[in-house]
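Try each task yourself before reading its solution.

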Amino acid sequence: MDSRHTAPFALHNGHVVSRGNLWADVTALAAQLPDQPYQFNLCENRYLFCLCLLAATVRGQICLLPPAGQMAVILEILRDYPGAYIAREHAPQETGLDWFEVIAPNSATAASPSHLDWQRTAVIAFTSGSTGTPKPCPHSLHTFKTSAEMAVSSLGLAEQQLLILSTTPPQHMYGLETSVFWPLFSQLVLHDGRPFFAEDIRQTINTAPWPTVLASTPTHLRSLIKTNAAWDNLAGIISATDTLSEKLAGETAAILGQSPLEIYGSTETLSFASRETLIENQWRPYAGCSLRQDKNGQTCLQAAHLAGVVPLQDTLQIQADGRFSVLGRDQDMVKIGGKRASLTELNRRLQDIDGVEDGFCFIQENGRLAAVVVSRLDNQAIRLGLQPYLDEVFLPRKIHFVTEIPRNGTGKLAKIALEKLLEGLS
């Protein structure tokens with residue numbers, strides 16, 4: 001038998017699934033799927049998610065991936081895709097929805113990869129909604145394959161048999177890329193779980209049958225650095241969805257024993273650049289990716305995995321050697337007293353204060369800067385923590401204290417959740 005068939009693909013319910021078993025499972029599941037044009041893939045188990053996505057592709061169906069798990073968001077998207085059914089492990093709470101129960105076929109035999117149309121749209125992912133209404137972004141399997149091969153090669157993971165453990169859901173582009181398509185198109189191994197608490201993550205890594213790469217977020221890393229036990233089986237850390245500060249990167253390296261790598265991209269582009277936060281400020285595009293600015297000054301990405309040139313929402317400063325710095329988004333920039341600053345940078349400084357568990361800054365209706373924090377510190381201590389880094393006009397005039405900030409599974413604060421939180425502040 002071809003060694004590629006017997007090579008491990010996933011750790012599912014504690015058992016190793018070979019690549020041949022994967023394709024046998026895909027073929028079996030594809031025969032069971034309803035004959036409908038769209039599949040809303042809500043599987044929580046990452047291996048079942050992967051099976052559903054590939055089985056839908058075999059059947060010529062398009063896999064819809066929501067930006068968040070809230071049923072209101074899902075129902076809103078469903079209205080635009082008649083004939084869609086929900087695929088998941090258990091029935092949704094709402095009655096009257098067309099759904100398919102996903103159960104792994106657990107094929108004992110191996111099979112070759114199914115015949116797939118690599119160029120047609122296989123997935124429609126939706127933007128996170130952090131800046132407004134989620135936007136559909138169609139991608140083909142060819143796009144994911146080319147992108148995955150560029151990413152693992154650029155990050156030095158192409159020839160390594162390591163387990164990928166992700167703390168982000170596979171429906172989000174970051175989780176989808178790193179924990180599903182990177183293993184599918186390399187020797188990396190998919191872990192089907194998504195442990196949430198720090199000790200659960202540590203135990204999962206320490207007891208894994210392979211050295212493990214953790215794909216996580218700055219929000220999750222802040223909780224992991226509070227652990228006091230050893231991280232013995234950790235082979236690397238990938239971070240995305242928000243800027244990783246040098247302070248948090250340093251604490252992560254000291255406590256978890258690995259210097260984090262950040263990857264940069266979007267739902268529209270997939271990831272296309274990386275940096276090791278502790279040794280470089282600028283981003284390095286993957287081989288096969290290049291950036292340029294058009295005549296209007298907008299930065300555009302040209303890459304081997306994209307059909308055409310894609311304009312970016314971020315403002316970048318590009319160096320002669322292709323590396324770049326992220327200056328922020330236009331809607332991210334605030335102007336107070338004739339001075340400009342990025343909300344992303346202000347949030348980073350706020351979250352870096354010892355004693356601040358989480359927080360963000362926002363502009364009040366009166367045009368002044370305010371902050372929301374989860375912290376044991378008082379107003380004065382927080383302002384003193386910001387003072388060395390920020391101009392006086394960017395020190396928050398009002399600081400609201402809350403017990404929790406309602407971030408989604410990727411650590412982002414969606415616009416709807418933000419507006420609801422701000423409405424409840426006194």
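**Exercise 1.** Work out which residues of helix α4 (residues 71–78) are buried, and where they sit around the helix.

*Solution.* Keep in mind that this is a predicted model. Step one is to pick out the residues with under 20% relative accessible area. In helix α4, which runs over residues 71–78, these are Met 71, Val 73, Ile 74, Ile 77 and Leu 78. Step two is to look down the axis of α4: the buried residues fall within an arc of 160°, so they line one face of the helix. Step three is to ask what they pack against, and the partners are the strands β3 (38–41), β5 (84–88) and β7 (121–126).

**Exercise 2.** Compare the radius of gyration of the protein chain with the value for a compact globule.

*Solution.* Start from the chain length of 426 residues. For the extent in each direction, the C-alpha trace spans about 65 × 45 × 45 Å along its principal axes.

**Exercise 3.** Describe the make-up of the protein chain: its helices and strands, its contacts and its surface.

*Solution.* Begin with the secondary structure: the chain holds twelve helices and 25 strands. Next come the contacts with a separation of 6 or more, of which 61% join residues 24 or more positions apart. Then turn to burial, where 54% of the 426 residues count as buried. The accessible surface comes to about 19,100 Å², and carbon and sulfur atoms hold 49% of it. Finish with the charges: there are 34 positive and 42 negative side chains, and the centres of these two sets lie 6 Å apart.

**Exercise 4.** Take Thr 241 and Leu 270, and find the phi of each. Is each one buried or partly exposed?

*Solution.* First, a reminder: most residues other than glycine have a negative phi. Thr 241 is not a glycine, yet its phi is positive, at about 85°. You will find Thr 241 in the loop between β12 (234–239) and α9 (246–256). Its relative accessibility is 22%, so Thr 241 counts as partly exposed.

Leu 270 belongs to strand β14, which covers residues 270–276. With a relative accessible area of 1%, Leu 270 is buried.

Definitions and conventions
Residues numbered from 1 in each chain as written. Predicted model: local features only at pLDDT ≥ 70, side-chain atom pairs only at ≥ 80, totals over all residues. Heavy atoms only, no water. Buried < 20%, exposed > 50% of the residue type's maximum accessible area, 1.4 Å probe, protein only. Helix = DSSP H or I, 4+ residues; strand = E, 2+ residues; numbered from the N terminus. Arc of directions from axis to C-beta. Contact = heavy atoms within 4.5 Å. Rg over C-alpha atoms; globule rule 2.2 N^0.38 Å. Areas by Shrake-Rupley, 256 points an atom, 1.4 Å probe, with all protein chains shown as cover. Lys, Arg positive; Asp, Glu negative; His and termini not counted. Charge placed at Lys NZ, Arg CZ, Asp CG, Glu CD.
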